[in-house]
Structure formats: structure tokens, C-alpha cells
Amino acid sequence: MSLKDEFRKQVQQVEELTARKRKWLPGVEWLGSEGTVTTDAVQGDPEWENILRAWDLDPEEFQIVEPVLFNSWGGSDGLLNRQFKAKVVRRVHATVDIEPLIAQAMKHKPKKRTYEGTATLNVALADWQIGKNDGDGVEGTIARIIDCRDALIERAKELRKIGRQVAHLNVLWTGDSIEGCVGHYSSQTFSVELNRRDQVKVTRRLLTDALQSWSQHFETVTVAAVGGNHGEYRNGKGKMFTGVDDNDDLAIVEQVSEILGANPEAYGHVRFVIARDSLTLTIPSAGWILGITHGHLSRNGATAEVKLRQWWEKQAAGRQPIGDADVLVTGHYHHLRVADWGGCVWLQSPALDGGSDWWRATAGEVSQPGMLTFVMSEQQRITDVAVL
């Protein structure tokens, strides 16, 4: 055997010995909201920034947290080899400072006045998806919600000036108020700007603030709420594993009802109707039946209208409560549509989130964000449709 062959044999033996002693497979394993990074054999202390970048993890977005485990063995050169294994998490608060945004949303003070009339102003709060980073992200969505909060008060004043006797307000909570963190699409966990708890907290405070403000400009207020798909508790395979009423969209409204309920003198004229064991809800409104659903129950058809009309017709044929709706309001599809189906007028609400990068890339379409409003009266079931 030549000296070269002898050297190669020794190198191979060292490599085999190293492989046996290296008990961890290098790489990254991600499990929902956190993961594990395992290094290859290194000498000296690990440079975690370089290690994260080697596995396509931006150190500005991810960080290593204690404890750090290691496995060590001696090399043929007499130096100590070590492998390191450590927990890695997203820097959830790195890009969004929550408290200043919440503080801005909580400035308004209640000033109750008396209003008379039989007409109802309706406002659809659809698809906020707080936590989503598309477009201008969480900060942009919160700014739009605050602007719409003030714009609704101005809209009520405009309507009264032109003779609309608007005394009652329906707040239609059609779901997808939060983005969620897992189970809706493959990159969701990596792309959200807030964890689930903070999504719920921001949304709860924004809704509380809006109702505190709006309630001072109407004689009575009804908050009607259904759950959306993003509020569901889903597993890693994208399947809901609890009941339809175990939904963050509904939990947030329930929490807000308890907050306002603690001060009945100021907010006793605000009532809450929350869907129970159902993804649809109907309420009386100005002598008509007003129905809401998120919209994800409709599945078959080339367009959103075809899907929803076929779904609603089946509900009517089956004599389900939502099938009696004179007016149907939906979210989910993130764009404005209004259609008169004869027995029912359908209003599809735009969204207030920052849009969808995926939808723009696949369909080439961009929808204007906004908040749907319309008036119902005894004389006309739908008038004065406007997006704020």
C-alpha cells in the first residue's frame, strides 16, 4: 500500500469515527412557533449569527435562547470538536411596537346624546386579520381601523343632514379579525408579525375603542358576530379540531361584551348577539331580516357571487334561518360586491388588512381596503351604500 493510500485510509477512519461520535444530525427543525438549530462539528464557541444565516434564518428575525446543549469529542488533530443544539424562536416583537398603537386607539372619551328615528346604519367589520404582514402590515391595518372609526361618526352626521333618521347602529362582525399563526397556509407561522395572544389583545382593544366611540352617537347599538376561518383552532394539517363556536373571533366579542357590561350606565344601550354552534346569524333590522356569515362555507362556483348564491339558495331550500335573510352580508373574499337576488340583497364587504401578496402574484388583482356601510329602513331594505 502506497503512502497516499495509507493517508486516505486514515482520513476515512477519522471521518467514520467523527460521524459515529456526532450524535446529532445538523439542521433546523421548526415546530409551529419555535424550532431547534443543530450545528455541525465546530471548534471553539459557535457564532450563532453565521449559523442562523447558513440555515436561511435572518438574525434580525430569529434568536437563540437558552439552554444550549453540546456534544464533544476529540479529533485526530488533538483539538476538541463540539456540536451545539439550541432552541430558536422568532423575534415576535421586533417589527411591531404594540403599546403605542394601542394607546393611540384608546384616546376617545364617551359623550352620550339622544337620537330619534327608525332607520338603522350598518357597518361591517370584516377581515382585519390583525397580525398579517402583507402590504403595510399590522401598523397599516390599525391605522385604517382608527380612521374608519372616526369616519363612521362623520358618515352618520352626513346621513342625518340629508334626512336619514338613523338612530340605531348594527355592528356586523363577520370574522377573520385575527390572522392566526398556523394551519391556513404553509408560510403563515414564518410571516405573522404578532403571536396569537397579541393578535387577540390588539383586536380586543381596537373593537372596545370603536364601540366606546360609536355608542355615544346612536340611541341603541347591536353587535352581531360570527366566526371566520382564521379564528379557528387548527392543527398543523390545517384542520379545525374543536367546535365551530371555539373561535377567537367570537371570544374577542365576548370579552368586549364583558368589558362594556361592567359599566351599564354608560353602555347599557349596547347589546351583543353572538352565534352559538353555528357559522351563521340572523337579526331583525328596521323590519327586515339581516343575515351574516363569514363566507367560507360557500365552496362551489367560478366567482364569489356564484358560490354564495348557490349556498344561500340551499339554505333557503332547507328552511335554515339564514335562508330567510332579506339582506345577506359576508366577508372572506376581501372585495366589494353588491347584488340584488330578488328575495335577498347580498353585500360582500371589502377587507381592512394590507392585502394579499399571494393573491396579487397569482391573480394579478388588488382590492381597495375599506369598511362597508349601508342604511336599512322600513321603506327600503338597502340605501346609501358606502365604503369608508
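Among contacts in the chain between residues at least 6 apart in sequence, what percentage join residues at least 24 apart?

## Overall organisation

In this predicted model, 70% of the contacts between residues at least 6 apart in sequence join residues at least 24 apart. The chain holds 388 residues, of which 48% are buried. Its secondary structure comprises ten helices and 15 strands.

## Packing of helix 4 and helix 6

Two packed helices are described by the angle between their axes and the distance between the axes. For helix 4 (residues 137–161) and helix 6 (residues 196–214), the angle is about 15 degrees and the axes are 10 Å apart. Angles under 35 degrees count as roughly parallel, and helix 4 and helix 6 are therefore roughly parallel to each other. The crossing in which helix 4 passes helix 6 is right-handed.

On the side of helix 4, the contact is formed by Ile 142, Ile 145, Ile 146, Cys 148, Arg 149, Leu 152 and Ile 153. Helix 6 contributes Val 202, Leu 206, Asp 209, Ala 210, Ser 213 and Trp 214. By residue class, the contact of helix 4 with helix 6 divides into ten nonpolar residues, one polar residue and two charged residues.

## Aromatic pairs

A pair of aromatic rings is described by the distance of the centres and the angle of the planes. With ring centres required to lie within 6.5 Å, the count comes to three aromatic pairs.

## The tryptophan cluster

Which residues do ring pairs link into a cluster? The members are Trp 312, Trp 341 and Trp 346. Within this group, the rings of Trp 341 and Trp 346 have centres 5.6 Å apart. The angle between their planes is 20 degrees, so the pair is stacked. Both Trp 341 and Trp 346 are buried.

Terms used:
Residues are numbered from 1 along each chain as its sequence is written. This is a predicted model: local features need pLDDT of at least 70, side-chain atom pairs count only at pLDDT 80 or more; totals for chains, interfaces and linings use all residues. Side-chain values use heavy atoms; hydrogens and water are left out. Axes are lines fitted to C-alpha atoms, for helices over the stretch in contact, and angles run from 0 to 180 degrees between N-to-C directions. Helices (H or I, at least four residues) and strands (E, at least two) are DSSP runs, numbered from the N terminus. Angles under 35 degrees count as roughly parallel, over 145 as roughly antiparallel, 65 to 115 as roughly perpendicular and the rest as oblique. A crossing is left-handed if the near helix is turned anticlockwise from the far one by less than a right angle, and right-handed if clockwise. Contact means heavy atoms within 4.5 Å. Ala, Val, Leu, Ile, Met, Phe, Trp, Tyr, Cys and Pro count as nonpolar, Asp, Glu, Lys and Arg as charged, and the others, Gly among them, as polar. Rings of Phe, Tyr and Trp (its six-membered ring) pair if their centres lie within 6.5 Å; planes under 30 degrees apart count as stacked, over 60 as edge-to-face and the rest as tilted. Buried means under 20% relative accessible area, exposed over 50%, partly exposed in between (1.4 Å probe, protein chains only).
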